[in-house]
Amino acid sequence: MTNKNTPDDKNKRDFLQVSTYVLGAVGAASFVWPLINQMNPAADTLALASTEVDLEQLEEGQAITVTWRGKPVFIRHRTKEEIASAKDQLLDGLRDPQTDDERVQNEKYIVLVGVCTHLGCVPLGQKSGDVKGEYGGWFCPCHGSHYDHSGRIRKGPAPTNLEIPQYSFLSDTLIKIG
Amino acid sequence: MSKPKFKNPVVNWIDYRLPIFTFMNHELNEYPTPKNLNYFWNFGSLAGITLVIMIVTGIVLSMNYTAHIDYAFDSVERIMRDVNHGWLLRYIHMNGASFFFIVVYIHIFRGLYYGSYKAPREILWILGVLILLLMMATAFMGYVLPWGQMSFWGATVITNLFSAIPLIGESIVTWLWGGFSVDNPTLNRFFSLHFVLPFVIVGVVILHLVALHRFGSNNPIGIDVKGKQDTIPFHPYYTIKDLFGLSVFATIFAAAVFFFPNFMGHPDNYIPANPMVTPAHIVPEWYFLPFYAILRAIPDKLGGVLFMFGAIMVLFVLPWLDKSSVRSSQFRPLYKLFFWFLVIDCIALGYLGAMPAEGIYVVLSRLATAYYFFHFLIILPLLPKIESTRPLPVSISTPIITASSNASTVMAMREKK
């Protein structure tokens with residue numbers, strides 16, 4: 001090579017150009033991230049993320065709805081027949097196969113996020129006069145999804161069972177959701 | 001289209017129907033720019049970028065802000081403590097306002113020094129003064145939003161300026177407030193206007209750019225471009241120069257945001273607004289101080305307001321006050337001297353605006369105010385009659401080439417042309 005400098009210069013220029021673009025992109029991204037991330041839940045919103053519920057007054061066959069993270073949570077004190085029907089159900093033919101034991105911590109109480117897994121409506125079935133659907137659990141009036149005593153999807157467009165929130169029993173009748 | 005302008009056929013297809021690429025190529029790429037621009041010509045693009053930063057951070061802040069007297073202060077504190085990166089966004093927006101004024105004031109004094117307001121750029125200049133007025137209104141209303149003590153009393157004092165108008169003044173103030181004092185309706189309308197005015201500014205900035213591109217930038221020696229030899233394409237020469245300036249600016253801006261974010265603010269604005277107690281020493285943000293000094297210098301309510309607004313109004317008619325046909329201070333020895341007097345006078349006014357209105361400060365404020373108007377209304381119109389300007393170069397290229405080593409030969413070549 002007679003002129004050694006030319007390809008070297010080109011390499012230097014390429015390096016400078018590429019490193020400038022890369023640093024510029026990193027800088028731009030580090031400015032854009034706060035603009036996007038400010039829309040995520042703020043610290044005070046995250047701090048309100050747990051709810052405690054006392055179940056002592058909840059008689060067999062009754063249900064209550066509590067608010068957790070702005071969403072309804074269904075708690076139902078199941079009767080013996082309801083527990084039996086939930087436990088005896090064969091997993092064959094279930095859209096989202098789960099045993100009842102996988103879905104409860106204390107078989108008397110079923111705790112569910114009361115939001116239909118189809119498009120987010122609140123299913124009926126908490127009040128005594130409500131339509132409970134063909135399987136006796138919950139029925140979503142928006143698009144006709146039927147849930148059983150374990151909150152499992154049995155019929156209708158919803159793809160999965162009603163979601164189980166994170167919760168724990170602080171005592172026999174005190175429950176902490178979240 | 002006889003011959004395609006762009007390599008990319010999709011770009012060509014679109015450009016034939018919507019000549020957006022031709023437009024961008026013409027105005028941002030090949031746009032002929034005087035080749036002798038110095039770093040003072042960076043401040044126009046810096047101001048534009050700062051405007052974009054303010055709008056972007058402002059939009060995300062508004063997603064977390066509540067425009068109600070009971071919640072505004074707390075919602076700002078929530079932004080500072082709880083919202084992800086909220087402290088960063090607010091500090092950028094808060095300091096951005098100060099930096100916007102720093103950049104724009106330098107931009108304006110650049111225009112004054114190099115005579116950029118003279119024919120044929122009068123409308124360009126007037127649009128610029130209009131942008132300054134809009135910026136002041138926007139900054140003032142933005143300062144009210146956190147609903148601290150300075151917000152509240154700043155709003156009270158500034159809106160009360162309009163009560164100086166004879167006969168209808170009181171009604172106008174009531175109308176501005178939407179009540180009988182600065183209260184929730186005032187905060188609501190200020191938020192609405194603070195949100196919309198920046199987009200009005202964007203509109204005027206576009207007109208400012210259209211007017212600029214009609215005759216192109218002025219330049220340090222202030223003579224017209226005589227031909228292609230006096231210009232270079234905007235890209236890459238000035239895009240890279242603007243980018244370099246931007247990175248220096250961004251470094252200083254970031255230093256302020258991260259290391260002294262409250263340096264240019266007032267601690268009193270971290271006290272929630274209290275309509276029953278005025279802070280002992282109330283001053284506006286630094287960028288309003290020179291005008292505030294003028295307001296206080298005049299011992300008459302209406303007079304003070306008129307002189308304060310007059311200080312801006314005089315800029316609107318500046319192209320007709322300065323009758324000298326020579327633009328750049330480089331060839332106007334006397335004007336250059338008076339320019340620097342004006343700079344000192346404006347800084348002095350800014351200092352005096354921050355001082356209490358008593359004793360020697362009142363006297364000095366009056367002298368500085370008088371000199372401000374003396375400069376524009378007396379010195380500038382009279383100056384061309386007594387000033388002997390230096391001879392102007394033949395062209396922008398001439399002084400550059402004369403300075404080079406083989407000046408004589410090149411000069412000779414150029415003379416032949």
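The entries below follow the order in which I consulted the model, which is a predicted one.

**Entry 1: the interface.** I looked up the contacts between the chains and found 13 residues of chain B in contact with 13 residues of chain A. I noted a buried area of about 1,100 Å² between chain B and chain A, with carbon and sulfur atoms giving 63% of it. On the chain B side, I saw that B:D82, B:N84 and B:H85 supply 42% of the area that this chain buries against chain A, more than any other three residues.

**Entry 2: the side of chain B that touches chain A.** I found that helix 3 (43–62) and helix 5 (86–113) of chain B each supply at least two residues of this side. I sorted its residues into seven nonpolar, four polar and two charged.

**Entry 3: a sheet in chain A.** I turned to an open sheet of three strands in chain A, with the order 1-9-8 and antiparallel pairing. Strand 1 (51–54) and strand 8 (167–169) stand at the edges with a single partner strand each, so one side of each has no neighbour in the sheet. I noted an average twist of 20 degrees from one strand to the next.

**Entry 4: one strand pair.** I looked up strand 8 and strand 9 (residues 174–177) of chain A, which run antiparallel and are joined by three bridges. In strand 9, A:I175 is the bridge partner of A:F169.

Key: Residues are numbered from 1 along each chain as its sequence is written. Chains are lettered from A and ligands numbered from 1 in the order in which they are written. This is a predicted model: local features need pLDDT of at least 70, side-chain atom pairs count only at pLDDT 80 or more; totals for chains, interfaces and linings use all residues. Side-chain values use heavy atoms; hydrogens and water are left out. Contact means heavy atoms within 4.5 Å. Buried area is the accessible area (1.4 Å probe) that two parts lose on being put together, summed over both. Helices (H or I, at least four residues) and strands (E, at least two) are DSSP runs, numbered from the N terminus. Ala, Val, Leu, Ile, Met, Phe, Trp, Tyr, Cys and Pro count as nonpolar, Asp, Glu, Lys and Arg as charged, and the others, Gly among them, as polar. Two strands pair if DSSP finds at least two bridges between them. Axes are lines fitted to C-alpha atoms, for helices over the stretch in contact, and angles run from 0 to 180 degrees between N-to-C directions.
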